[in-house]
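Thanks for coming. Please have the sequence and the model open while I talk.

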Amino acid sequence: MRKIRVVAMAAGLIAVTVLLLGLSLFLGSRSNGVSSLDLHEIRKIAWKSVENNRYDTITTNWEQARVELIESKDKWIIPTTDEQKKKLEQIEKTESILIAVTFNTEQDGLLGPIVPIIDPKSMKVIGFYPRY
């Protein structure tokens, strides 16, 4: 029984390693300038964009937040400044690839996570997914 449990744990670790390696390779292979070495910087940019009064509700360690590539078309992204609004309008016309960083919160069930959206070309936050 113990041997089965050890094998299952090893298989789980291998699966997680393959998944993380795949994500790193996928991000590194994109022509949008994002590489696996930028993941820490991407998370840091996203973390700094979160309103100060929201930090206490976040349950995700910012250094382990989920980072994923998304397509700009058909996404609801809410800009918070005029500069973000202009940049987002430009991006939506070109159907670009963007980066979403997910910070889970104590209020996920009610409002959803906090998800800053980053333009990989400028490495600036251009908005957030709406929370309801």
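Two strands count as paired if DSSP finds at least two bridges between them. Helices (H or I, at least four residues) and strands (E, at least two) are DSSP runs, numbered from the N terminus. This is a predicted model, where local features need pLDDT of at least 70, side-chain atom pairs count only at pLDDT 80 or more, and totals for chains, interfaces and linings use all residues. Residues are numbered from 1 along each chain as its sequence is written, and side-chain values use heavy atoms, with hydrogens and water left out.

I start with the sheet. Its four strands make an open, antiparallel arrangement in the order β1-β2-β3-β4. At the edges are β1 (66-71) and β4 (124-128), each of which pairs on one side only. From one strand to the next, the twist averages 35°.

Which residue in β3 is the bridge partner of Ala100? That partner is Ile117. Strands β2 (residues 97-102) and β3 (residues 116-119) run antiparallel and are joined by two bridges.

Next, the helices. α3 packs on the sheet and touches β2, β3 and β4, contact meaning heavy atoms within 4.5 Å. The direction of α3 makes about 90° with that of β4. Axes here are lines fitted to C-alpha atoms, for helices over the stretch in contact, and angles run from 0 to 180 degrees between N-to-C directions. Helix α2 (residues 39-49) lies across β1, β2, β3 and β4, at about 130° to β3.

Gln84 touches Pro79, Val125, Ile126 and Gly127, leaving aside residues up to four places away in sequence. Is Gln84 buried or exposed? Gln84 is buried, because its relative accessible area is 12%, and buried means under 20% (1.4 Å probe, protein chains only).

Terms used: Buried < 20%, exposed > 50% of the residue type's maximum accessible area, 1.4 Å probe, protein only.
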